[in-house]
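Biologist: Please walk me through this structure, taking one question at a time.

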Amino acid sequence: MNYAVIMAGGSGKRLWPLSRRKRPKQVLKLFEGQTLLRCCFNRLTPIFDSRNILILTNAGYADVVKESVAGVPYNNVITEPVVRDTAGAIGLAASVLAKFDPDATMAVVTADQMIEPADTFRQAIKDALNFVNANPDSMVTFGIKPTFPSTQLGYIKCSTEPVKYPKCRNVIYKVDHFREKPDEKTAKRYVEDGRHFWNSGMFVWKAKTILSHLNNFLPDATDPLRKIQSDWDGPNQGKTLEDNFPKLPKISIDFAVMEKAPDVYAIMLDCRWLDLGSFAALADIIKSDKNNNIVVAGQSELLDCISSIVVTEDAGHLIAAIGLENMIVAHSPDATFVCPVSQAHRLKDLLDLIEHHTGEKYL
């Protein structure tokens, strides 16, 4: 059977003070009252029964995640007791699915991306599911045609000749290499050569296949995952998870498996794909006003403001400003962040300073 696994563990520090330790970016209601997680869930439900959609998140996010996606069965939200990057999270999900369905095919998607149009995304997922079900040793990832030379994203390099598989509407390519975040000169070359694509961080594979690769390439994960799987859905589930999940190596699935495994293929997603990692990214998602301001607020009055970003989830809170140009104003119930757009990359330094003065980590 086919399943979807939503990775919803990221914190989103670059969206502070809206995103917090107990309220990550994927549950912020910034998109016409919808959260990123809810948008992701809605993209999947035309393909997957809601009972076959799992959500992986950090233990501290469990309540807000369950609130954000009320249609998911309670037990389908799996909480990770500590952060162990994507290899550990995917290994956990695959172990759970394989216990109850040894032939499970899983689509792994992330909760913090906006993908439009949704129909294009769904067709690519369906094609990948068909391909993997017919070729169970294969693994499929999704590439995005780069629109600029990003140094913040990983890349995949594909072969020039497509794989012939008539049951797919999308073209499938063999992956030659995975490339990590490049410098600017290399990123420009990647954009120009037409064979490198942004790594979307989404995958489709058999649960047993990814577990086999984790066993081969990340043997330190084998024993903890087997113990977790053995006790899952039993009286010792919680304790076994608490005892063994922290033993998993902290490493991404790309480093652990994808860069080493054979039979890795890619489908190119011909759609608008945005990774919401900063306030500036809102400009790519939300329509600006006549003065090029991005406003996400129930009440706002901007006088002679240009190219600024104003954000709050509080519908009853008025944000008023005069003469702002290229500024960010982000309001939450207990903190307000004001910064030139050009200085937003220093937000981590600011959070470190706040922690130093208050003793509160990431508030």
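Biologist: Is Asp 263 buried, partly exposed or exposed?

Modeller: This is a predicted model, in which local features need pLDDT of at least 70, side-chain atom pairs count only at pLDDT 80 or more, and totals for chains, interfaces and linings use all residues. Residues are numbered from 1 along each chain as its sequence is written, and side-chain values use heavy atoms, with hydrogens and water left out. Buried means under 20% relative accessible area and exposed over 50%, with partly exposed in between (1.4 Å probe, protein chains only). Asp 263 has a relative accessibility of 30%, so it counts as partly exposed.

Biologist: Where does Asp 263 lie?

Modeller: Its backbone has a positive phi of about 55 degrees, although Asp 263 is not a glycine. Helices (H or I, at least four residues) and strands (E, at least two) are DSSP runs, numbered from the N terminus. On that numbering, Asp 263 belongs to the loop between H9 and strand E12 (264-269).

Biologist: And what is the phi of Asp 85?

Modeller: Asp 85 is in helix H3, and it is partly exposed at 36% relative accessible area. This residue is not a glycine, yet its phi is positive, near 60 degrees.

Biologist: Which residue is joined to Trp 16 by a cis peptide bond?

Modeller: The bond has an omega of about 10 degrees.

Biologist: What is omega for the peptide bond from Glu 116 to Pro 117?

Modeller: Pro 117 lies in the loop between strand E7 (113-116) and helix H4 (118-134). The bond from Glu 116 is cis, with omega near -5 degrees.

Biologist: How many residues of strand E4 are buried?

Modeller: E4 (residues 53-58) pairs in the parallel sense with strand E1 (residues 2-7) over four bridges, where two strands pair if DSSP finds at least two bridges between them. E4 also pairs in the parallel sense with E5, over four bridges, and Thr 57 stands opposite Thr 79 in E5. The strand is largely enclosed by the rest of the structure, because its buried residues number six of the six.

Biologist: Which residues does Tyr 190 touch?

Modeller: Tyr 190 lies in helix H5 (residues 184-193) and is buried, with a relative accessible area of 7%. Contact means heavy atoms within 4.5 Å. Not counting residues up to four places away in sequence, Tyr 190 touches Tyr 155, Arg 179, Pro 182 and His 196.

Biologist: What is the volume of the second largest pocket?

Modeller: On a 1 Å grid over the protein atoms alone, a pocket is an open set of points where a 1.4 Å probe fits, with protein on both sides within 12 Å along at least five of seven lines. Grid points are joined across faces, edges and corners, and a volume is the space filled by probe spheres set on the points. For the second largest pocket this gives about 510 Å³.

Biologist: Which of its 25 lining residues are closest to the centre of that pocket?

Modeller: Lining residues have an atom within 4 Å of a point. Strand E5 (77-80), helix H3 (85-100) and helix H8 (237-244) each give two or more residues to the lining. Closest to the centre are Asn 75, Asn 76, Ile 78, Val 96 and Trp 232.
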